Amino acid sequence: MIKTVVLDVGETLIDETRIWSRWAGRLGVSPFVLMGALGGMAALDRPHGDAFRLVRPGFDLAAEEAAWERDDPTGLRNHFDADDLYPDVREALAGLRAAGYQVIIAGNQPRRAFDALVAMDLPADSVHTSEGWGVSKPDPGFFAKVAAVAGREPAEILYVGDRLDNDVLPAAAAGMRTALLRRGPWGYLHAERPQAAAADVIADGLHALLPALGRLM
């Protein structure tokens with residue numbers, strides 16, 4: 001039986017619309033242009049950094065982030081806060097915990113995202129980031145860390161995310177059960193692919209998880 005639900009962050013808990021809109025302003029293009037480019041990268045299985053380089057050839061992410069921090073040291077820039085949570089997050093996570101499931105947040109995020117997530121006081125048992133662990137999805141080591149912090153066998157864990165490549169397929173390869181969220185550009189695109197059949201659950205939102213868990217044995 002599943003005893004632990006582990007959730008990704010970007011486009012699982014966090015709506016990244018404001019982040020991408022701020023990036024568009026930084027790059028000097030409209031949000032429509034940047035988000036269209038991001039959708040194209042998602043469809044082509046290319047990293048989101050390629051969208052930046054498409055609209056600004058020669059773009060250097062690390063240099064731009066450092067410059068942005070110097071220009072706007074107190075702004076959100078490419079960060080998130082509680083205003084970026086999807087509306088179903090608090091209630092759905094609280095429902096999972098009330099039903100007796102251990103709830104863990106673990107995604108590919110920089111260390112500073114840990115502080116932002118902890119400050120939200122979400123109904124979760126623990127919060128972890130890839131930078132904090134020193135290993136990122138889809139590396140098997142990330143999912144080994146998930147199982148270790150949960151203190152569970154992989155088969156007792158449901159990993160929830162919006163991508164096949166980073167979430168569903170590597171988590172399944174690690175022996176976990178998986179849920180694919182139709183949320184964000186990758187989520188909608190990946191749910192249409194044949195490989196989506198590898199997911200134990202395909203859901204339109206977090207409220208669908210609790211009923212689905214009752215059917216997973």
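Modeller: Let us begin with burial: a residue is buried under 20% relative accessible area, exposed over 50% and partly exposed in between, with a 1.4 Å probe and protein chains only. This is a predicted model, in which local features need pLDDT of at least 70 and side-chain atom pairs count only at pLDDT 80 or more, while totals for chains, interfaces and linings use all residues. Residues are numbered from 1 along each chain as its sequence is written, and side-chain values use heavy atoms, without hydrogens and water.

Colleague: Which residues of helix α5 are buried?

Modeller: In α5 (residues 89-98), these are Val89, Ala92, Leu93 and Leu96. Helices are DSSP runs of H or I with at least four residues, and strands are runs of E with at least two, numbered from the N terminus.

Colleague: What puts them on the same side of α5?

Modeller: They lie on the same side because their arc around the axis is only 95 degrees, taken from the directions from the helix axis to the C-beta atoms. Glu91 and Ala98, on the other side of α5, are exposed.

Colleague: Why is the pair of Phe142 and Phe143 called edge-to-face?

Modeller: Rings of Phe, Tyr and Trp (its six-membered ring) pair if their centres lie within 6.5 Å; planes under 30 degrees apart are stacked, over 60 edge-to-face and the rest tilted. The structure holds 8 aromatic pairs. For Phe142 and Phe143, the centres are 5.3 Å apart and the planes 75 degrees, hence edge-to-face. Both Phe142 and Phe143 are buried.
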